[in-house]
Amino acid sequence: MSTSYTITLDINRYDPDTKLSWVQTYRVEASAILRFVDVLRKINDEQDPTLAWSSSCEHAQCGSCGVIVNGKPLLACELLVKDGVGQFKTHTFKLKPLTIAPVLRDLVVDLEKAYDRVHKVRPWLIKPASPHPDGDEYRISPKTLETYSEATRCINCFCCAAACISTHHHFLGPNASMANMVRLMDPREMARGERMDILYREDGVYRCHTAKACSFVCPKDIDVSHFLALGKEGRF
Amino acid sequence: MGAALTVDSTLRCDVLIIGAGGAGLRAAAQIGERRPGTRIIALTKVSSPQKSHTTTAQGGMAAVDPKDPMDRPIFHTFDTWKGSDCSADQNVIKKVCDIGWEEVVWLERHGMHFSRTEEGRIAKRPFGGHMLDFGERMAFRACYEADRTGKGIMDTVWAESLKYGVDFIGQCVATELLFRDGQCIGAIIFRYPEGKFLAILAKATIIATGGNTRMYLVSSNCRGNTGDALVLALQAGLPVMDLEAVQFHPTGMVGPGILASEALRGEGAILRNKDEEPFMERYAPTAKDLAPRDLISRAIIQEIREGRGLFHQDHNAHHVWLDLRHLPKEVHEKKIQEVCSFFKRFVGVDPEKDLCPVAPTAHYQMGGIPTNEFGEVQSDSQGIVPGLFACGEVAAASLHGLNRLGTNSLLELITMGRVTGERVVEYLKDATDPEEPPGSRLIVFDQFSTYLNAQGKEKYAQVRDSLRNLMMEKVGIFRTEKSLVEAIEVLTELREMATHIPLGTTSLKANQDLWQIWELNNLITVSMVIAQGALARKESRGAHFREDYPERSDGFNYHTLVYMPQFNEVTFGKRPIDMSIFEAKGEHYELFDYIVREY
């Protein structure tokens, strides 16, 4: 049998009908290998069906279950109970919704609104390079691809944006800025001027204070601040 | 109960796309490209299309590069036919295999970050059942972006749709299709955040909602893959096809069943039993670990049944090993980076040093809403429903028949998405804005009233877990008449129970409980169709395996159509398997007969 822990979850609640907010405490007997999404499901199953939270793929590939645990934005699907206890050195966890969009209910935030920032950087190829003379794919060397492929792994979970000290002050945020950097580094993008306008606009990369919280919290271990630094230096 | 249920407002558009994953948005991009200015509304259950299930696909997308001196589209066509256990439609296989490479290039030209060869070309890897020279040796045919190919595709079609100004409505479900004089004119949708119903009237409606395997205890599918649109079709009196064909992916990570891509075996990983014997050599002497998924999943269960499996204490589950220890460090770090990180985080093993515990996981529905080769939804084996289209996993054209080859699903999303988009553009030429639908009471209002007023003692978790255990045990990889009859009986009980589950709150706003109970009812409905189809198909073919009828039987050389307008009021129909390649009597036509399937 697996080890289990008795953990306490203090969860921020919000009721959109009454507009009331409160903190509710749940005590859960949880197997060490459960993910935090499993723990939330267990609360729904055994204690409180009204607690709302969000998830989809539940293995860190969609970025729907971002939540703040003891101050750190992370994916609830990625944190196992034993790792939570190990990392935070406690059996008590304070869960809050991400701070990057309005709360819909409890831990569910309106990620649709948060995505507006990503849409602003126009993540498609604005002006694609001419096709290869043979008519098939554009040639990109693995070496070139490697300079930015880490940044393409971003799943827009907005954990970095929640951790960023500048996000709330007119900054597009780390993930959206990085999406623009991907296209600046992509040899197929010819709309360099427009890309640079996005990079250096009023809410652009110079709003970043280089605190590197984005890199620290990224659930995909992407060095987000590295890509923002390249943007500031104009190295792309 | 609070406020009365009403439709809050009506929106109009040219094209309504229900489901904004790979297939739906490839269709959207095609319409945007070919018919600029088309008003498209795309619905998604999740908060952004980027969070769709497509994004979790890992290994690759099959396509024959015309510059490859060894490979030819006819090999791919043959592999798909053989892989389907002679139950896919040859017109569809041919069409999809012939345009596969064009679509790879389309994705690349629109910004997808494919992995590259040293020459800078798109890299390719081997995959199960994909072979050269009609099954002689492995083909390098799967174009990939590391082990996040689905994400690469999703990001590309999502960005293209944004470019064309597609209006996305997130966090919503379509609860009912709307018809007028037999023509589909849109759908009723329910928005989760505000708890409001909207009517969307459209000249054309495309269903592209993806898969449904959340009724299985172990499943690689996203939380929202609950077969909702299949239920919409059934309620509208339309048939669904081949739902008994459920693919179990051989290598789900022990526990919840997170996908561990076939790309791992494509890169050289080996399945081993408790004695560390590479057991696939006994089951498929030529293809070994790259045999099709149905064969490997059965082999794994066979090993476990005969005492050569292992038992995972923490997850309380049987498994075998997947061995990646001999693969070069470079492969671990670059080509299968995501899956390696999943093993480390979710299972606590390091694939570079440790054997990885895996077991089959419910992964894919081969069947779905029947369409012709243009993505037009069929009302029976012949007729079509004007204004209604379907593509991707939710549809059955059918490229896969009763078993799908790995990397053929991403191929299908993109090719059939484009084909369907093109057909919609044609359709729009003569289409006019629909009139208001006839004012009959909506089915969803009755459903929601039942859920909101339920006062029973049943618990949501109890019904959900009973369903998932039942389907895994009785309607899983191995089936018998006895297990299926039992399952049908229990499903009837579960259906009844599900209508009595009291809700924690009767608010309509962001009510997770209400949403999940609606989904649970859909899962039970779809499960019933799977079980009924499996009971009727008294043979074994592809992923459908009957222990009491272990051989394929020519008497079942057809697609199963099931109509179920009311729960468990089932009528069966048949759709012939398209044999057009065989019938054309061209080169190699004899291989497209009902051939013996060995690997």
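Start by selecting helices H13 and H15 of chain B: Tyr460(B), Val463(B), Arg464(B), Leu467(B) and Met471(B) in H13(B) meet Asp513(B), Gln516(B), Ile517(B), Leu520(B), Leu523(B), Ile524(B) and Ser527(B) in H15(B). Residues are numbered from 1 along each chain as its sequence is written, chains are lettered from A and ligands numbered from 1 in the order in which they are written. This is a predicted model, in which local features need pLDDT of at least 70 and side-chain atom pairs count only at pLDDT 80 or more, while totals for chains, interfaces and linings use all residues.

Here, residues "meet" or are in contact if their C-beta atoms, placed from the backbone, lie within 7 Å. Helices (H or I, at least four residues) and strands (E, at least two) are DSSP runs, numbered from the N terminus.

Stay with this pair and look along the helices. H13(B) and H15(B) pack at an angle of about 25°, and their axes are 11 Å apart. The axes are lines fitted to C-alpha atoms, for helices over the stretch in contact, with angles from 0 to 180 degrees between N-to-C directions. H13(B) is therefore roughly parallel to H15(B), a term for angles under 35 degrees. The residues of this contact divide into eight nonpolar, two polar and two charged. Nonpolar covers Ala, Val, Leu, Ile, Met, Phe, Trp, Tyr, Cys and Pro; charged covers Asp, Glu, Lys and Arg; the others, Gly among them, are polar.

Next, colour the two chains differently. In their contact, 47 residues of chain B touch 47 residues of chain A. On the chain B side, the elements giving two or more residues are H3 (90-109), H4 (149-163), H10 (337-347), H13 (460-474) and H15 (512-536). H4(B) gives the most, with five residues. That side of chain B has 14 nonpolar, 18 polar and 15 charged residues.

Between them, 14 residues of domain 1 of chain A are in contact with 11 residues of domain 2 of chain A. On the domain 1 side, strands S3 (66-69) and S4 (72-75) of chain A each supply at least two residues, and S4(A) gives the most, with four.

Last stop: Gln378(B), in strand S19 (376-378) of chain B. Is Gln378(B) buried or exposed? Gln378(B) counts as buried because it has 22 C-beta neighbours inside 10 Å; buried needs 20 or more other C-beta atoms within 10 Å, exposed 12 or fewer, and partly exposed lies in between, with C-beta atoms placed from the backbone.

Terms used: Two residues are in contact if their C-beta atoms, placed from the backbone, lie within 7 Å. Angles under 35 degrees count as roughly parallel, over 145 as roughly antiparallel, 65 to 115 as roughly perpendicular and the rest as oblique.
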